[in-house]
Amino acid sequence: QVRLVESGGGLVQAGGSLRLSCAASGSSLSINYMGWYRQAPGKQRELVADIRSGGRTNYADSVKGRFTISRDNNKSTVNLQMDTLKPEDTAVYYCKVEGYWLQYRQFNAWGQGTQVTVSS
């Protein structure tokens, strides 16, 4: 169906930067929504940022001004540039993609998750 491959996670000190990428692949994809979510141990998964087909973006208050989401429509890739990272950003980050495949079948796919650890 649809495959999402995430990359870019790692270890960084507070104040540093990381760039996450998520590439979607499949047959006849029509993507309406791409977003990044994160989940820290013992906490619920939360929205970090997302972007819709028209380019409209949305950010969690906690990351506004520090994170930037962007999309490569041709490659069906969404990126998350994370700057001025804080220890509270530590979590597993998941890519989420919604849309259609094979023209008419709706899908909601999640990436495998990539660990982001920010040390004090």
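So, burial: of the 120 residues in this chain, 44% count as buried. Keep in mind that we're looking at a predicted model here.

Where do the nonpolar residues come together? As a rule, in soluble globular proteins, nonpolar side chains tend to be buried together. In our chain, the largest nonpolar core has 32 residues, and the ones touching the most other members are Trp36, Leu80, Met82 and Tyr93. Strand β9, residues 91-101, gives this core its largest share, with five residues.

What does Met82 contact, if we skip its neighbours within four places in sequence? You'll find Gly16, Ser17, Leu18 and Leu20, then Arg66 and Phe67, and finally Tyr93 and Val116. Tyr93, remember, was also on that list of core residues with the most contacts to other members.

Take the contacts between residues at least 6 apart in sequence: 55% of them join residues at least 24 apart.

Okay, the fold. Along its principal axes, the C-alpha trace spans about 45 × 25 × 20 Å.

The accessible surface is about 6,500 Å², and carbon and sulfur atoms account for 43% of that. As for charge, we have 14 positive and 9 negative side chains, with the centres of the two sets 5 Å apart.

Terms used:
Residues numbered from 1 in each chain as written. Predicted model: local features only at pLDDT ≥ 70, side-chain atom pairs only at ≥ 80, totals over all residues. Heavy atoms only, no water. Core = buried A, V, L, I, M, F, W, Y, C linked by side-chain atoms within 4.5 Å. Buried < 20%, exposed > 50% of the residue type's maximum accessible area, 1.4 Å probe, protein only. Helix = DSSP H or I, 4+ residues; strand = E, 2+ residues; numbered from the N terminus. Contact = heavy atoms within 4.5 Å. Areas by Shrake-Rupley, 256 points an atom, 1.4 Å probe, with all protein chains shown as cover. Lys, Arg positive; Asp, Glu negative; His and termini not counted. Charge placed at Lys NZ, Arg CZ, Asp CG, Glu CD.
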